[in-house]
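User: I am new to this structure and would like to go through it by question and answer. Please show it first.

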Amino acid sequence: MLFDLHRHLEGTLRVATTRELAARDGHPLASAHDLDDLLVARGPLGGLVPFLAKVDAAPAAFSRPGDWQRAARECVADAAAEGLDYLEIRFSPWFIRQETGLAPEAVIDAVADGVRAASAETGVRTALIGILLRDLGPERGLEQVATLLSRRADFHAVDLAGNEGGVPAADFAPAFARARDAGLRVTVHAGEGAGPESVWAAVRHLGAERIGHGVRSVEDPALLDHLAARGITLEVALTSNLHTSVAPSYAAHPIRRLLAAGVPVALATDDPRASATTLPAEYEAARTRVGLTDAELTRIAETARAAAFAWP
Ligand code: ADE
Ligand code: ZN
């Protein structure tokens, strides 16, 4: 069974669809010299910010609500082609508004419609996670949550993403308290663009039940013990970590040390288009390039299933 718990809708937008929609609208992306290079990482980029620039370049071309319904359908269709059984799709309605001017509520409705239809067609079970964007600042946190809660039934969980180097997670505590009060589950990007203190903050101040990436937890043995004891799952995306230069290579990726410390680890894709990857490719890299055993990969797959927010 294949479970991907961490996939950004914005990071799945196909290059071909982006090109087609940009051409329709006369958007500058249509005349980009090398659209592939703008949207896809081919190797280490030296940091999280240049990687996010590739993820975040595509949404501007999706200028109508119907484009987001199509994006959602294509995301689920691609997941079905990979052989996924279950997919959690996360996106930031406020980021999409910033890029397109669309009302975030209209984007949520379109994405939820598209995901529902494609999930029914393909049999891939899906759940939506609403992202609060760090870059918009904590003063926008409560407003972003209010938007998600205006469509409460569409979401299973809330996440904090964007430039982790920017704003401390603790500043979003009121927003996450509101989300938890409404019954949303919590995962937080941390320990990717910043160190262990960021993971501690996500757990202590935001109530994170899972951590997006979290790989820099290896720098703090007490944190590893805490994650293991509490059963807090790390959503590890190997290829994304190479592209953001959080890990120097597959072979030197900290995943081995995380597993050895007893921390629950699930493999995920993060941004399949921006990283030109799939979930099966991530498992294959874990096996052949990291050198994990079949038993370790089975344990990882079981961890993903156990940590899923909406698997029965
Ligand atoms: N948004 C898309 N990919 C991301 C990542 N790897 N870290 C933080 N925010 C993201
Ligand atoms: Zn992510």
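User: Is D154 buried or exposed, and at what relative accessibility?
Analyst: This is a predicted model, in which local features need pLDDT of at least 70, side-chain atom pairs count only at pLDDT 80 or more, and totals for chains, interfaces and linings use all residues. Side-chain values use heavy atoms, with hydrogens and water left out, residues are numbered from 1 along each chain as its sequence is written, and chains are lettered from A and ligands numbered from 1 in the order in which they are written. Buried means under 20% relative accessible area, exposed over 50% and partly exposed in between, with a 1.4 Å probe and protein chains only. D154 therefore counts as buried, at 18%.

User: With which residue does D154 form a salt bridge?
Analyst: A salt bridge is a side-chain nitrogen of Lys or Arg within 4 Å of a carboxyl oxygen of Asp or Glu. The closest N and O atoms of the pair with D154 are 3.8 Å apart, and the partner is R116. This pair links distant parts of the chain, 38 residues apart: D154 is in the loop between helix 7 (141-149) and strand 4 (157-161), and in helix 6 (residues 104-122) lies R116. Helices (H or I, at least four residues) and strands (E, at least two) are DSSP runs numbered from the N terminus; the partner asked for is R116.

User: How far apart are the N and O atoms in the salt bridge of R70 and E20?
Analyst: R70 is in helix 4 (residues 65-82) and E20 in helix 1, so the pair links distant parts of the chain, 50 residues apart. R70 is partly exposed because its relative accessibility is 25%, and E20 is partly exposed at 44%. Their side chains meet, N to O, at 2.9 Å.

User: Which residues do salt bridges with shared partners join into one network?
Analyst: The salt bridge count comes to 23. One of these bridges is between R140 and E143, with the closest N and O atoms 2.8 Å apart. The network joined through shared partners consists of R14, E20, R70, E74 and D78.

User: Which protein residues are the donors of the zinc ion (ligand 2)?
Analyst: Donors are N, O and S atoms within 2.8 Å of the metal (3.2 Å for Na, K and Ca); water is not among the atoms, so sites may look incomplete. The spacing of the donor residues in sequence is H-x1-H-x180-H-x80-D. H6 and H8 are both buried. Lying 2.1 Å from the ion, the donors are H6 (NE2), H8 (NE2), H189 (NE2) and D270 (OD).

User: What is the geometry of the site of the zinc ion (ligand 2)?
Analyst: Four donors count as tetrahedral if all angles lie between 85 and 135 degrees; four count as square planar and six as octahedral if opposite donors are over 155 degrees apart and all others between 65 and 115; anything else is irregular. The angles among the four donor atoms of the zinc ion (ligand 2) run from 86 to 163 degrees, so the site is irregular.

User: With which side chain does the side chain of S198 make a polar contact?
Analyst: S198 lies in helix 9 (residues 196-206) and is buried, with a relative accessible area of 9%. A polar contact is a pair of N or O atoms within 3.5 Å; within protein, one must be able to donate a hydrogen and the other to accept it, and residues adjacent in sequence count only if both atoms are side-chain atoms. At 2.5 Å, the partner is the side chain of E164.
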